[in-house]
Amino acid sequence: MTEEQRKKVVADNLVKFRKAKGLTQAELAERLNYSDKSISKWERGEGFPDIFILKEMAEFYGVSIDDFFFEKEVKIKRKRPIKNEIIIPSLALGIVWFVLVTLFAIALIVFSDKIPAPWLLFIYGIPISGIVLIVFMAIYKKKFLVLIGVSILIWGLALSVYLTLIIIMAPNSWMWLIFIICVPIQIMAILYYLLKNSDKFKQNLQKIFKRKKKEVKNEK
């Protein structure tokens with residue numbers, strides 16, 4: 001088998017395995033933390049992924065590395081779409097809120113005279129939920145949902161601090177500045193997300209500009 005033939009076999013297998021998983025190139029790139037341009041290049045036979053990426057892909061597909069280099073039918077069991085990615089984080093969030101509801105009930109029954117605002121527990125649950133979302137979405141490599149989790153954490157913390165200060169101290173005109181502080185932090189989080197996904201960001205911008213050019217041409 002010549003080098004060109006081997007490249008074609010690997011490229012065909014990469015396409016076959018990806019489609020058997022029901023993934024687009026962009027979705028696979030996100031899972032592997034690579035750009036979709038690299039995935040496209042490998043699938044066109046214009047290059048080989050290195051051995052470490054092949055190993056990672058083989059583990060992800062549930063095949064051996066050798067299966068990439070031979071023409072044969074390899075059945076891949078499709079994972080049920082986003083089953084674990086929904087159930088496990090939802091279960092974790094359910095546990096968090098169950099604990100908060102339990103603590104709220106205890107506070108009302110046992111410490112009703114000592115705790116001025118037990119409902120604050122539910123407010124504190126917002127940033128805690130953000131942390132849970134960040135952890136699990138980072139594990140599943142869902143970068144946009146990680147950003148959502150970070151946003152929930154940022155604004156949940158701000159709200160928690162703001163309401164806690166109102167309860168402990170008399171309301172003050174400077175307290176709203178807590179939310180102003182969160183604005184640059186949120187912007188930095190968004191910019192970091194865009195930088196980490198710059199290829200996708202550029203591709204989306206290019207698509208938008210192409211559509212606008214077509215619309216302008218059609219109008220002319």
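Predicted model: local features only at pLDDT ≥ 70, side-chain atom pairs only at ≥ 80, totals over all residues.
Visitor: What makes the pair of Phe-104 and Phe-122 tilted?

Guide: A pair of aromatic rings is described by the distance of the centres and the angle of the planes. The ring centres of Phe-104 and Phe-122 are 4.8 Å apart and their planes stand at 50°, whereas stacked requires under 30 degrees and edge-to-face over 60, so the pair is tilted. Because Phe-104 lies in helix α5 and Phe-122 in helix α6, the pair ties together parts that are 18 residues apart in sequence.

Visitor: Why is Phe-122 called partly exposed?

Guide: Its relative accessible area is 24%, and since buried means under 20% and exposed over 50%, Phe-122 counts as partly exposed.

Visitor: What makes the pair of Phe-144 and Tyr-193 edge-to-face?

Guide: The planes of Phe-144 and Tyr-193 are 65° apart, with 6.0 Å from centre to centre, and an angle over 60 degrees counts as edge-to-face. This pair links helix α7, which holds Phe-144, with helix α8, which holds Tyr-193, across 49 residues.

Visitor: How do you know that the span of helix α7 agrees with its number of residues?

Guide: At 1.5 Å a residue, the 26 residues of α7 should span 38 Å, and because the C-alpha atoms at its ends are 37 Å apart, the two values agree. The buried residues of α7, among them Val-146, Leu-153 and Leu-165, pack against α6 and α8.

Note on methods:
Residues numbered from 1 in each chain as written. Heavy atoms only, no water. Helix = DSSP H or I, 4+ residues; strand = E, 2+ residues; numbered from the N terminus. Expected span 1.5 Å × (residues − 1). Buried < 20%, exposed > 50% of the residue type's maximum accessible area, 1.4 Å probe, protein only. Contact = heavy atoms within 4.5 Å. Phe/Tyr/Trp six-rings, centres within 6.5 Å; stacked < 30°, edge-to-face > 60°.
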